[in-house]
Amino acid sequence: MADEVLTKHGKEMFAHNGLLYVSDKTSKVDSALKFWRCEQRHRCKARLHTKAGEVVRELNNHSHEASAGQESRGDP
Ligand SMILES: [Zn+2]
């Protein structure tokens, strides 16, 4: 269900429920705890927290449908 992947740019991404998240930062107190932002962060506030690859927390709702396999780039 959840999977960590790397983009062609070497940026870490996390797939969850058909939605992609981009690595935001790692917790300073717990290196296993990672914070992710929705890849469509320009229009979506959804965030995700994972620990050792497991989703531990979901914040905010996506403002869009799942778009796995669909690429819409263009924003800087
Ligand atoms: Zn989203």
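How many bridges join strand β2 to strand β3, and in which sense do the two strands run? Four bridges join β2 (residues 12-16) to β3 (residues 19-26), and the two strands run antiparallel; strands are counted as paired where DSSP finds at least two bridges between them. The structure is a predicted model, in which local features need pLDDT of at least 70 and side-chain atom pairs count only at pLDDT 80 or more, while totals for chains, interfaces and linings use all residues. Residues are numbered from 1 along each chain as its sequence is written.

The protein chain has six strands and zero helices, so that its elements, read from the N terminus, follow the order β-β-β-β-β-β, where helices (H or I, at least four residues) and strands (E, at least two residues) are DSSP runs numbered from the N terminus. Of the 76 residues in the protein chain, 13% are buried; a residue is termed buried if 20 or more other C-beta atoms lie within 10 Å of its own, exposed if 12 or fewer do, and partly exposed in between, with C-beta atoms placed from the backbone. Among contacts between residues at least 6 apart in sequence, 20% join residues at least 24 apart, a contact being two residues whose C-beta atoms, placed from the backbone, lie within 7 Å.

The hairpin that joins β3 to β4 passes through six residues.

The pairing continues from β4 to β5, which are antiparallel over five bridges, and Phe35 stands opposite His49 in β5. Strands β5 and β6 (residues 54-59) likewise pair in the antiparallel sense over five bridges, with Val55 in β6 as the bridge partner of Thr50.

In a regular strand the side chains alternate between the two faces of the sheet. Lys51, which lies in β5 (residues 47-51), counts as partly exposed because it has 13 C-beta neighbours inside 10 Å. When neighbours within four places in sequence are left aside, Lys51 is in contact with Ala32, Leu33 and Val56. The C-alpha atoms of Lys51 and Ser31, which are 20 residues apart in sequence, are 8.6 Å apart in space.

In soluble globular proteins, nonpolar side chains tend to be buried together. The largest nonpolar core of this model has seven residues, namely Phe14, Leu20, Tyr21, Trp36, Cys38, Ala46 and Leu48, a nonpolar core being a set of buried Ala, Val, Leu, Ile, Met, Phe, Trp, Tyr and Cys residues joined through C-beta atoms within 7 Å. The elements that give two or more residues to this core are β3 and β4. For Cys38, the contacts beyond four places in sequence are with Leu19, Tyr21, Cys44, Ala46 and His62.

Most residues other than glycine have a negative phi. Ala52, located in the loop between β5 and β6, has a positive phi near 50 degrees, and the hairpin in which it takes this value has two residues between the strands. Ala52 is exposed because 10 other C-beta atoms lie within 10 Å. The C-alpha atoms of Ala52 and Ala32 are separated by 5.1 Å, although these residues are 20 residues apart along the chain. A positive phi, near 65 degrees, is also found at Asn60, a residue other than glycine that is placed in the segment after β6. Asn60 counts as exposed because it has 12 C-beta neighbours inside 10 Å.
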